[in-house]
Amino acid sequence: MKKAYKIEVDCANCANKMEEAAKKTAGVKDATVNFMALKMHVEFEEGVDHKAVMKEVLANCKKVEDDCEIFF
Amino acid sequence: MNKKQKKMLVRILVSAALIIVLKWIPAEGLLRFALYMIPYIIIGYDVLKKAWKGICNRQMFDENFLMAIATIGAIAVALYEGSASAAALGISGENDYTEAIAVMLFYQIGEFFQSYAVGKSRRNISELMDIRPDYANIEKDGELEQVDPDEVEIGTIIVVKPGEKVPIDGTIIEGNTSLNTSALTGESLPREAGVDDEVISGCINLSGLIKIRTTKEFGESTVSKILDLVENAGSKKSKSENFISKFARYYTPAVCYGALALAVLPPLVRWLFMGLSPMWPVYIYRALTFLVISCPCALVISIPLSFFAGIGGASNQGVLVKGSSYLEALSEAKYVVFDKTGTMTQGVFEVNGVYENTIPKEDVIEMAAYVESFSTHPISKSLLKAYGKEVDKNRIHDVQEISGHGVIAKVDEKSVAAGNEKLMKQIGVAFKPCDKIGTVVHVAIDQQYVGQIVISDILKPHAKEAISSLKRNGVKKTVMLTGDTKVVANQVAKELGIDEVYSELLPADKVSIVEQLLEKKGKKEKLAFVGDGINDAPVLSRADIGIAMGALGSDAAIESADIVLMDDDPLKISKAIKISRKCLRIVYQNIFFAIGIKLICLVLGALGIANMWLAIFADVGVMVIAVLNAIRALFVKKL
C-alpha cells in the first residue's frame, strides 16, 4: 500500500533526514521524500493502520527536524 | 513571499540596522556585550533553539548546531580577547562581536534566499505544468453550470468555450475548433478537431464552442495522469542525488570532529612538544571558521533543484521524465534502438505509386480499390484512400478472397484480379517483377496485366534529421528493429542513416536482441529503446531507458516507459538527450564547484588564511551561485 502525503520543510538536508526517519519507523516498508514537490511517498507494510503509523512518522521526523509538518 | 519569509526578512533588516547603530555607540565591557546580544538573539534565536533541540534529540550534527557553536564560540573568543593576554597576540578585539552576529546574519540571509529561490522555482515549474483544469461546464436547463471535474461521470456532455481548457478526455459531438496542445506536446501549431474526433484533456480550446461526451473520469484522464507522473517524478532518485545525501551524512560529522581536532591538537602540540605558547584563541577561531565553511547546504539543495528544474523544463517541451534517475541515464545514452513502424515511420500505409501500367494510373487504382473494397486489411484501406471516391458496391460481384494471395472479383462484368505475385502465377498472368520497396499489388483485368501498385509505410517528416541529430550529440550507434521484410528494413535504414538493422523479427526476438546489445555495451554506456509503446512494453522495460513516443492518450505507453514523448516527432529524442545532458552538466558543475570551493576554504581556514568573512562566502555565496546555476536547467527551449 503506497500513499503520498504533502509535507512542509524548509531545507533539502532536512528533507533527507525526514526520509531517513520515516524509513526507520515501524510499519513503514519504504519512504521517499521529494523536497522539490514537497511530497512524502510512504509504502506501508501489510495490514497496518496508516493514520497510526503516520503519527509515528511525524513524531520521528519532528525529532530530526523540529520545523517540519506532514499533512495526513 | 510567504509569512515565514516575510518574518525572516524583517528580522534580517532589524538586526542589520542594529549592528550599524551599535557601531556608533561607545559602550564598554558588560554593557557592550549586552547591547550586542540584542541583534544576535533577534537574528539567531530559532537557530539556537533548533540546535538545542537537536542536542536533546541526539541529532546534533546539523547546520543549526554548526552555526550555534560557531557563533557562540566567536562571542566567547571575543570576550576572551577583551582581556590583556589576548591583546598581546595582536588580534584586534574591537569588532569581534560583530563578526559573530554577521555570521548568523549572513547564514539567515542565505537561508532566506534559498527558501525564496526554491519557492520561486517551484512556482515556475508548476506554472509550466499548469494544465490542471479547475472546472467543467455542464449544460443544465439551457444554462451552463461550472462543476468540479472530479464529479463528472463518464458519458456526461460537457461544454468547452473558446479559451478554456478541456477538462476531461472525450469525443466531440458538436462544433468545430482548433486546439492548442502545446502544454501537452510542446507543439505550437494548433490542431483542428471536429465532430467524432477524440480530444484530450489539457488542450486549450482556441476558436469555437464545442460539446464533448466524456469517455473517462477525471482521475483517469490524460491531464491527471500527466500531472501525477510529473509530481511523483522525484520518487526515483538519481545516483547523483543519492551520492549527495550519503556525502552529507558523513561529511557534517567529519567536519565537526575535524574542527574539534583543529581546536585542540595544534595548541597541545605547540604547548607540550614545542614549548611554545598554545595560542588557544587563534586555533579556536580557526576551528569555528572551519565549522562555518562546512555547511553542506549548497550541495544538498542544488542537486535536487537542478533535476527538478530539468524535469520541469523537459515536460514543458512535451518530454515527460518519470524520475531524475532516468534523466541521468538518458544523458549517458550511447546506443539508441528504434522500433520502425510507428516510431520512424508513420505506421500508415500509403500508395507510393503505380508502375508498369498499360492503362491510366487512376484506372489501375480504381480497379484495385473496387476489388479490395470488402477487405479490412490495411492495404485495402490505403487503396481506398488513394482512390478517394465512394465505391459503388453494386458494381462488384463474385468476390473471391484467396488468403495470402489477393482478391478476384467481377467489376462491371470484367474479371479483375488484385494481389501479389503468387496470385498472378496462379491465374496464369505474365507480370512484371517489381524493383520498388514496399508491398506490391499487381492488377490484371480479364487476364491482361495492367500494372502494379506500390504501397509503403511513409517515413516521419523529421526521421532523418532525428538520426543525424542523435549522431551529432554523441550517440555511438543507432539500431533499428522491425518485423518487416529485410528489403524494406534495409531501404528505410539506408535512407535514414541508421547503423544496424534487424528485420523480420517477432516481438520476443526484439527483447533478445536488446539483451544482446545490452551485454555488448560498456558499463558506463546506456541503451535507450524508442517505441510507440503499443506492443513493445517488454522491450521498453528491458532497456536501460524506455522511451515511448506519440503517447498522447495512450495509457499503456505512459505506464510502461521511463520517458514519454507526448507527440510522435522523433526529433524529440535528441531534444530529450540534450535536455538531460544540460541538466547533468549543471549537476556536475554544482557538485564540483560546491565541494571544490568548500575544500579550498577548509584548507585556508585550517591554515588561518581564511577568516570568518571568507567562510561566510564559502557557505552562503556558494549556495546562492549553485541555486542560480540549478535554475538554468529550466531553460531548455532553444536546445
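Which residue in E19(B) is the bridge partner of Met480(B)? In E19(B), that partner is Val501(B).

1. This is a predicted model, in which local features need pLDDT of at least 70 and side-chain atom pairs count only at pLDDT 80 or more, while totals for chains, interfaces and linings use all residues. Residues are numbered from 1 along each chain as its sequence is written, and chains are lettered from A and ligands numbered from 1 in the order in which they are written.

2. Strand E18 (residues 477-481) of chain B pairs in the parallel sense with strand E11 (residues 333-339) of chain B over 5 bridges, with Val479(B) in E18(B) as the bridge partner of Val337(B). Helices (H or I, at least four residues) and strands (E, at least two) are DSSP runs, numbered from the N terminus, and two strands pair if DSSP finds at least two bridges between them.

3. E18(B) also pairs in the parallel sense with strand E19 (residues 500-502) of chain B, over 3 bridges. Together with helix H16 (residues 486-496) of chain B, these two strands make a right-handed β-α-β unit, right-handed meaning that, with the strands pointing away from the viewer, the path from the first strand over the helix to the second runs clockwise.

4. An open, antiparallel sheet in chain B has 3 strands in the order E6-E5-E8. Strand E6 (191-193) and strand E8 (204-205) of chain B each have a single partner strand and stand at the edges, so one side of each is left without a neighbour in the sheet.

5. Between the chains, 17 residues of chain A are in contact with 19 residues of chain B, contact requiring C-beta atoms, placed from the backbone, to lie within 7 Å. The largest share of chain A's side, 3 residues, comes from H1(A).

Terms used
Contact = placed C-beta atoms within 7 Å.
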